[in-house]
Amino acid sequence: YFDDKDSFMSEYQNEPLSREGTSFGDYKTFEIEPTVQSITVGIDPALGKAKGDYFAITILKYDGKRFYATVKMYKIKATLMIDKIISLYIELLKFGVPIKIAIETVQFQEFFKDTLDEKCKSIGLHLPIVPLKNTINKELRIDGISPIVNNHTILVDKKSLIFIDELDT
């Protein structure tokens, strides 16, 4: 039995885990959401293969001072994610604030965006989708957000367990 994740990773997994020296070593979590002014949903589609990347959905709520990130990560087929995204959007509408949905559109991801958009239109729903065509490699993009995570401009939802595990490792 280990008292903390660092001990478990160091002793049992033989992978020392220390926040010191990592890109996101000083992130902070939150439990209670503030009153928000806007919401941006970031979608990073993946094919859902067991050994592939996670299909990630980040809900970024802004209160005028800080961002509050809830990150949901899935290993399921992209086609099954369409209904989850539609349900999420309908749930977020209750906040009564502007919502923007950003989707990475490189390779198959553009097809996913178009399929999501067509499904929404077929049920009379308009999603405010903004396509993102990233030209900078992923490592540089990740390093670019680490300062605003480490200075607590972005807080991470305590329930975003898979994402927190990725931040820690």
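1. **Overview.** Of the protein's 169 residues, 36% count as buried. Buried here means under 20% relative accessible area, with exposed over 50% and partly exposed in between (1.4 Å probe, protein chains only). This is a predicted model: local features need pLDDT of at least 70, side-chain atom pairs count only at pLDDT 80 or more, and totals for chains, interfaces and linings use all residues. Residues are numbered from 1 along each chain as its sequence is written, and side-chain values use heavy atoms, with hydrogens and water left out.

2. **Layout.** The protein has 5 helices and 7 strands. Both are DSSP runs, numbered from the N terminus: helices are H or I with at least four residues, strands are E with at least two. Along the sequence the pattern reads α-β-β-β-β-α-β-α-β-α-β-α.

3. **Contacts and surface.** Take contacts between residues at least 6 apart in sequence: 67% of them join residues at least 24 apart. Contact means heavy atoms within 4.5 Å. The accessible surface comes to about 10600 Å², and 54% of it belongs to carbon and sulfur atoms. Areas come from the Shrake-Rupley method with a 1.4 Å probe; for residues, only the protein chains shown count as cover.

4. **Strand β4 and its partners.** In β4, 6 of the 8 residues are buried, so this strand is largely enclosed by the rest of the structure. β3 and β4 pair in the antiparallel sense over 8 bridges. Two strands pair if DSSP finds at least two bridges between them. β3 and β4 form a hairpin with 4 residues between them. In that turn, G64 has a positive phi of about 105°. β4 also pairs with β7, in the parallel sense, over 3 bridges. There, F67 has I154 of β7 as its bridge partner.

5. **T70.** T70 lies in β4 (residues 67-74). I59 stands opposite T70. T70 counts as buried, at 12% relative accessibility. The side chain of T70 makes a polar contact with the side chain of D157, at 3.0 Å. A polar contact is a pair of N or O atoms within 3.5 Å; within protein, one must be able to donate a hydrogen and the other to accept it, and residues adjacent in sequence count only if both atoms are side-chain atoms. Neighbours within four places aside, T70 is in contact with F30, I57, T58, I59, D157 and S160.

6. **The largest nonpolar core.** A nonpolar core is a set of buried Ala, Val, Leu, Ile, Met, Phe, Trp, Tyr and Cys residues joined through side-chain atoms within 4.5 Å. The largest has 27 residues; F55, I57, I85, I101, F112, L116 and L127 touch the most other members. Elements giving two or more residues to this core are β2 (38-44), β3 (55-62), α2 (78-92), β5 (99-104) and α3 (108-122). α2 gives the most, with 8 residues. Beyond four places in sequence, residues that F55 touches include I43, K72, Y74, M81, I85 and F112.

7. **Helix α5.** The buried residues of α5 (residues 161-168) are I164, L167 and D168. They cover an arc of only 95° around the axis, which puts them on the same side of α5. The arc is that of the directions from the helix axis to the C-beta atoms.

8. **A backbone point to check.** H152 is not a glycine, yet has a positive phi of about 70°. Most residues other than glycine have a negative phi. H152 is found in the loop between α4 (138-150) and β7 (154-157). H152 is buried, with a relative accessible area of 18%.
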